[in-house]
Every structure is written in structure tokens, then in C-alpha cells.
Amino acid sequence: MRKLGIIIILVICSCETEFYPYDASVKPIPIVFGMIDTNDSIHSIRLTKTFSGTENAYKLAKDTLNLLYDSVRMIIECLDGNLKVIDSLIFHKTYFIPPSSGIFNTGKGWYYVSTDKFPSADSFVLFRLKVWIYDSGDTIVSRNIYTYSTSDRTQILSPSKISQYISVYNESVTTIAYRGHDICGIKLRLHYFEIRNDTKTDKSIEEFWLDTNGSGAFRLTPARLFMFIRNTIPENPDVDFRIFSGLDIFSYAAPKAFVIYNQLFNTDRSFYSDITFFETPYSDITNGYGLFYEYTKDSIISLKFDEKTLDSLASGQYTKKLKFVSYQ
């Protein structure tokens, strides 16, 4: 009876409510995504636009005319304490072929890249994004972003840069210690090979954890490591065996952006309760939508597992079916 009641409610609602998402008079709105580390040698920014139409949204998104602007000038301005522009980074359109597995744009796409360097850290305190979109006549600009001082940048303290091995059974080397702002993120990236019919294929998996408590420590317990591997790598009877290759550890600090991340993706989803379809929370772009912030990062790469950890990966109850071998 309960199932019948649900069906009746759905039928009544579907008969009484019609949704018309397409309005030909609505002008597309620019959307920006840019996370900038001033220490990087290459900077990239994504610029797209809203779109609407009478066809399926996936099909519309495959047309670059709907999704991307064609004629754009984009720069980052560096400002001193008096808001005087002392230098600029120039961005250029860079083409790429989206992966064939994607459901959106499958043709040639583009984003904007600059290889210009930021000036010395003691010569500017702010920077901002400015974009002139000649297709539509729009000009968009970000709010001024404060740069990080050297002491504010995140840094992985343990394992050290000279570490070669990591073990989940030795607390002194399994605690990833870092510094930075109160809100930091840790990402693990595990590399491995899959062997199938004498053919070796490079593979990798990764997962991100957000530390909102400012603990400065991430403990790589056996349960956390092996469940991360077990839940991410699928069992595959066609794979002969797998070989662990290396573990990379990344630390990120982007306090304001991570606050937004935490609110957008919190587990109880309460963040969405007061947001309508056409509202974009925390946009810092004038005349558009989007996010443009600075962040800092640090990394320790190509760590090997000690023998005990490797044995557990190959023979432990949670990961044995993944066919890892006990050597690397």
C-alpha cells in the first residue's frame, strides 16, 4: 500500500508540474575557475559560460560554441600595497583534446595558460584576475587576492624529503606532519602496474582528505591505507597480477577555498538548503560566477612501502583479491 501511495504522488506531481528550463533571451554568464600557486612555473585558468537550449544538456555541452568563448584577453595583475599595478602575467589560449570517456565536450577544447613568473614576493601583496571577453563584450574581474608569505606556505615536515620508505606499522614514519593554515588538505596518490598477458600498464589512484581542525597531522593507519586501496581499485579477473610502484603525498593550503569545499560537500548536504538553482554561493568574480584563489602546496613523492606493509597489501584480507605481489 505504501508503494502504491508513492506512485500516486509521483503521477500527480508529474501531471501538475511542468518545467521549462530554456529561455532564449537569457544571456550566457562567464564562469571562472582558477587556483594559483605563485611559486608555479605554469599557471592555468578555465573559462566557460552558462548555456541553455531545447536539446539534451550533454549534447549541448559537446559544442564548444555553447560552452567556451573564442576571443578573450586574460591577465593577472600584481599590485603593491597602494593598489598600483607593478607587473602582469599574460595568458594564452591552449588547446587540448578532452578524454574520450568524458560525457561533456568531446571535441577540441581550450583553457588559458601563462608561463610568466610572478614578481619577487616582497614586491607585491595582492593580485587579481582581469578578463576581456570580446565575443560578448563582457569584462570580468576577481576580487583582490592576498599572497602568502613564506611562513604561511604549507610544508610537509614528516616524512622528510630524503625519506625512501613509509610503513603503516611504525608510528614514527606513518604520521604525516605538516604546517600551514588551520585548514589543510592531504592527498595520497598510489602508483602501481597491472600485468595482463605479459603487458605492463601504468596505473594510479588518489584520494583527498580535508583537515578542518588544524591538527597538523594525518595518520596513515593500516585501515585507512588498505581501505583506500580496496575501495578504489576494482577486482579484475583478467589481471594476472599487480605490482606496487610508489606513493606520493601532497599537502595543500587554501583556507577560503577549502571552507567553500567543505560547505559544498559536507556529508549532511545542509549547505544546499537555502540555495536555489540560479544562485552560485561564494562567487568572487564580478560580472560572472566562479572561484579564483591562491593556494600553496608541498609534496613527497615516490615513497616505497616497507616489507611488512607490502606483505599486508599482497596477503591481507582486505586487499588479497586485488592480486598485488609482495615485491616492488
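Let me begin with a hairpin: strands S6 and S7 form it, with four residues between them, and glycine 137 in the turn has a positive phi of about 85°. Strands here are DSSP runs of E with at least two residues, helices are runs of H or I with at least four, and both are numbered from the N terminus.

The model is predicted, so local features need pLDDT of at least 70 and side-chain atom pairs pLDDT 80 or more, whereas totals for chains, interfaces and linings use all residues. Residues are numbered from 1 along each chain as its sequence is written, and side-chain values use heavy atoms, leaving out hydrogens and water.

S6 covers residues 126–133 and runs antiparallel to S7, joined by four bridges; two strands pair if DSSP finds at least two bridges between them. Lysine 130 has valine 141 in S7 as its bridge partner. S7 is also joined to strand S16, residues 285–286, by two bridges, again antiparallel. There, valine 141 has threonine 286 as its bridge partner.

I turn now to helix H7, residues 307–315, whose buried residues are Thr309, Leu310, Ser312, Leu313 and Ala314. Their cover includes helix H5 and strands S10, S15 and S18.

Finally, threonine 175 lies in strand S11 and is buried, at 14% relative accessible area. Threonine 175 touches Ser158, Ala217, Phe218 and Arg219, not counting residues up to four places away in sequence; contact means heavy atoms within 4.5 Å.

How values were computed:
Buried means under 20% relative accessible area, exposed over 50%, partly exposed in between (1.4 Å probe, protein chains only).
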